[in-house]
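Hi everyone, thanks for coming.

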Amino acid sequence: MPDNPHSKTAALTTAQVTHVAKLARLEVSPGRIEEYRTQLAAVLGHIAQLDAVDLAGVEPMAHPFESHNRLAADIPVEGLSIEAVLMNAPAVEGRFLAVPKVLAEGD
Amino acid sequence: MTSPAHNTSGHNTPSDMTALRDAVAAGTTTAESICAGMLAVTAERNTEINAFHEVFAEHALEAARRVDSDARAGRPLPPLAGMPIAIKDNVATTLGRTTCSSRMLENYRSPFDATAVERLAHAGAVVMGKTNMDEFAMGSSGEHCKWGPVRNPWDKTRVPGGSSAGSAAAVAGGMCAAAIGSDTGGSIRQPASFCGIVGLKPTYGRISRWGLVAFGSSLDQIGPMTRSVRDAALMLDVMSGIDERDSTTADRPPTELAKTVERPIEGLRVGIPRQYMSDANDSEVNAAVNAAADAYRALGATIVPVELPLTDVGISTYYVIAPAEASSNLARYDGIRYGHRAQLQPGEDLFTLYARSRSEGFGPEVQRRIMLGTYMLSSGYYDAYYKRALQVRRRIKQEFDQAFSACDVLLGPTAPTPAFGFGANSDPLAMYLCDVYTVNTNIAGICGVSIPAGFAERNGKHLPIGVQLQANAFEEDRLLRAARMLERALTATTSAHAPRV
């Protein structure tokens, strides 16, 4: 892949990748951070070709349908039962999802 | 070939689902014998092919016997009565598990059926099992699967394509009558090409995504993977139509394409985008497209040269939009309500629970795409990547509209190569570039189908090559009628070889 001098990714640093892992809630070892840095830089380097497309006056298109919100009729419908909701929970206490303590000592 | 899927004569060899359905309705065979035959083939071949993660043998046989008893009682049979259908494992079923071939969901049981599954069952289909896939539908080879790689029935040293790998291999291997897959950037069409079957990505909004595990919500679409074009038409008829549970379904009635698919299109205009006939494609791929063009000419169609200059930019656009949407969609897997939860050591906090659960639950490709999407949506980069990609998306859609003003359907390769060997595209970017001819269909939200068109010979084995047809949004009638014309014209070529399973 030829280097793109205008690439936004030339400066993709270990610190940036570590920060992204944190934002993405992923626990990544230092070795893997370096691997991701190389792989992400290669993909981002390729994606830099978007910079060459003339986009003057072009509106973003977020979705294939550009329709407006479709509203459902305001009629109550039954949701999932508590049993159905809890059947895949990793830990349950009675009718509740069990989670580890959220606040550390002293918070 | 010994399975019942391969011994009725007529339309195609092996028999397609429509022929099997008609045979059950006519009483010349029973749903139970078809189902038992396919279960036997699956029992014999699945260890090696690894198409299925779970097979619901008892359920399938019971459902087939009910169809037979209805038939004996003279009750009218629904359109897919007794047909064993395989379901990709990112489509929710109350039967068995819905794992997305991921450790994250290895024990996940859905409390509901996807709308598509509900409609198939309502039409009499038998849910036969769940098929392996690239984890969370991210991949183009079927190698990134928690339950082991899927093998191509035509050459077991090669990949079946992906991400709907198991669905394609199951149909090609005679293990089911048909399957459903999902297609975010080519995940139905590319494995269909590699496995020598028909794979249809309908227009965005044709089939409800309710119960399809979300990957790229503005790109994802469920579609049929079948042995014939008419089977794809039949399945689309059954699955399509508005669904109140998915507000992105199109407000259109279900299609009725099985009625029209055999009718050729008079004066058909077939556009061939110059950019699709790249020298970078394998020579047999371009030869198959040229042979398809010749077949169309012989049928009286006009071949029209068209331009899609942004073809190459599609991959870049896709690898912004899809990871961005994936990073957002996959944020729901946090180890709290469902999915894998990591064990914490005393004193470790909630952040660690989230991060470790996700790192243990997701495989490397999924994590890579989450990282990519998170980066591109992060503060300071959003406009440079995401907004820009959405602008290019509109340009790509405009290019298609321009092309479709000069032709009815577009013809080109489905993939630049036939099936490649395991590990051949271990570099992520090299794998992404395989999708160059399929991603733009999803980006623009239009429809596309891959149908078998030829073979490439590698190491003494015949590998199928598919060609892709694309049509504008909601033009599936035109798309499948044009595909059926080509399928009929190429029968002698495409039936020359069969997978040696």
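Predicted model: local features only at pLDDT ≥ 70, side-chain atom pairs only at ≥ 80, totals over all residues.

Residues are numbered from 1 along each chain as its sequence is written, and chains are lettered from A and ligands numbered from 1 in the order in which they are written.

Okay, chain B. It has 16 helices and 11 strands; those are DSSP runs, H or I of at least four residues for helices and E of at least two for strands, numbered from the N terminus. Of its 501 residues, 62% are buried, meaning 20 or more other C-beta atoms, placed from the backbone, lie within 10 Å of a residue's own. Its C-alpha atoms fill a box of roughly 70 × 55 × 50 Å along the principal axes.

Now chain A. Here we get three helices and two strands, running α-α-α-β-β from the N terminus. Of the 107 residues in chain A, 16% are buried.

So where do they meet? The contact takes 41 residues from chain A and 52 from chain B, with two residues in contact if their C-beta atoms, placed from the backbone, lie within 7 Å. On the chain A side, α1 (14–23) and α2 (30–47) are the elements giving two or more residues, and α2(A) gives the most, with seven.

Methods. Buried ≥ 20, exposed ≤ 12 C-beta atoms within 10 Å, placed from the backbone.
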